[in-house]
Amino acid sequence: MAIATAFSLKLQILFIIFCCRSYFSTAFTSQDYADALEKSILFFEGQRSGKLPLNQRLTWRGDSGLSDGSAYHVNLVGGYYDAGDNVKFGLPMAFTTTLLAWSVIEFGSSMQNQITNAEAAIRWSTDYLLKAATATPDTLYVQVGDPNMDHRCWERPEDMDTPRNVYKVTTQNPGSDVAAETAAALAAASIVFKESDPSYSTELLLAAMKVFNFADRYRGSYSDSLNSAVCPFYCSYSGYQDELLWGASWLHKASLNGTYLAYIQSNGHTMGSDDDDYSFSWDDKRPGTKILLSKEFLEKTTEEFQLYKSHSDNYICSLIPGTSSFQAQYTPGGLFYKATESNLQYVTSTTFLLLTYAKYLGSNGGVAKCGGSTVTAESLIAQAKKQVDYILGDNPAKMSYMVGFGNKYPQHVHHRGSSVPSIHAHPNRISCNDGFQYLYSSSPNPNVLVGAIVGGPDNRDHFADDRNSYQQSEPATYINAPFVGALAFFSAKN
């Protein structure tokens, strides 16, 4: 009996040790994160529009949109398709660029051999944005492609014959939101290239200043100016005030010009600095602006920026279970949940802000104040890690939501170029209507869009790997952009 009891006790101890190891073990190694980082950047090559370079790695793609803008006597070749269609939407493209640049600014030192690819991904966009911003005085070209016509076809970008209409904002038809976001993108990118390409950096910064001045001087929302060309696809629901403050904040950071500091101090209160907002996306920049400007207070104790630190705390505390101001929603499996459509865009942007704020706090011995309690940088990192690991496969479905990462990932991605046979496999043109057979096919996508993060599961952790369910199966550049920074951070952690 004594022997049996001792044996039973040993079993219990071994079971406890096993459970503890399982509970505390890391689902992924730094090498796994590095692999995911490489793929998250590679995805952008699948979204390229224009003449592809010789070093293009996703070789199933071909040249496309080579005459974009020509009917309007302007060169708008290049840039990115936003998601699974063939339209170049300016607002999400600019936001994608800002977030890619911010990823490099904060975590580029952890990207190792991927820094060159990350910079190339940024430059592919900024080259286009520069043309869009400087081709015509007092004009910003903000879109190529008629989205309503484009969405009636299912064709790969290499074949597209839908109208390549060009849309612009001007002094008479303003678009402060898209213009200020473009200024933010150019300014943030100027920081990225400051050492590696100083002349390009200067060109970006000068263009950013010019576009911001245009955005601020001629105020109005591009949704009002362009109507059905941008709505409901990328309507500026939050208005343009948040972008003006966001753009000024990036110009302040990039230029060190006192003009932008004065602008922030004079206009902050009317542009959202007093608001607590809990959604950071291509539409609403307020939480990102607060985090960005909080660094000024944490590093220099600049009194004017204490407000941004306080509101950053409010935002961060809302995400952390157990704090008095916790209000975020999580799925049973632990995924941050914000919307039924493309939810992972909010997960990746939120994760990036958690890690960036953790960096700012950690560098300055700070904490987030949540009512009567405090939250440390380590807690923010732990919360961010749960989200990153969930996306990569540590979830109830045991599925990676990054295409090409892990053993199980989405096969039926809502993406025209990925789902239609490539021009190499099927050189003959596949017309607008003929392509729909591939949308409705039950077969996996023939071209693997490596690194793409799809919209993700629902609020019960259920995921339909269904090409028709665009809410869950469509990737987008702005889902990936902030995730690049998060993966870089974890790839450098042991």
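Two helix pairs

Q: What is the handedness of the crossing of helix 3 and helix 4?
A: A crossing is left-handed if the near helix is turned anticlockwise from the far one by less than a right angle, and right-handed if clockwise. The crossing of helix 3 and helix 4 is left-handed. This is a predicted model: local features need pLDDT of at least 70, side-chain atom pairs count only at pLDDT 80 or more, and totals for chains, interfaces and linings use all residues. Residues are numbered from 1 along each chain as its sequence is written, and side-chain values use heavy atoms, with hydrogens and water left out.

Q: At what angle do helix 3 and helix 4 pack?
A: Helix 3 (residues 90-107) and helix 4 (residues 115-134) pack at about 150°, with axes 10 Å apart. They are therefore roughly antiparallel (over 145 degrees).

Q: Which residues of helix 3 and helix 4 make the contact?
A: Contact means heavy atoms within 4.5 Å. Helix 3 gives Met93, Ala94, Thr97, Leu100, Ala101 and Val104. Residues of helix 4 include Ile115, Ala118, Ile122 and Leu129. The contact residues divide into 11 nonpolar, three polar and no charged.

Q: How do helix 13 and helix 18 pack, and at what angle?
A: Helix 13 (residues 344-363) and helix 18 (residues 477-491) pack at about 40°, with axes 8 Å apart. Helix 13 passes helix 18 in a left-handed crossing. Among the contact residues are Phe352 and Leu355 of helix 13 and Phe483 and Phe489 of helix 18.

Methods:
Axes are lines fitted to C-alpha atoms, for helices over the stretch in contact, and angles run from 0 to 180 degrees between N-to-C directions. Helices (H or I, at least four residues) and strands (E, at least two) are DSSP runs, numbered from the N terminus. Angles under 35 degrees count as roughly parallel, over 145 as roughly antiparallel, 65 to 115 as roughly perpendicular and the rest as oblique. Ala, Val, Leu, Ile, Met, Phe, Trp, Tyr, Cys and Pro count as nonpolar, Asp, Glu, Lys and Arg as charged, and the others, Gly among them, as polar.
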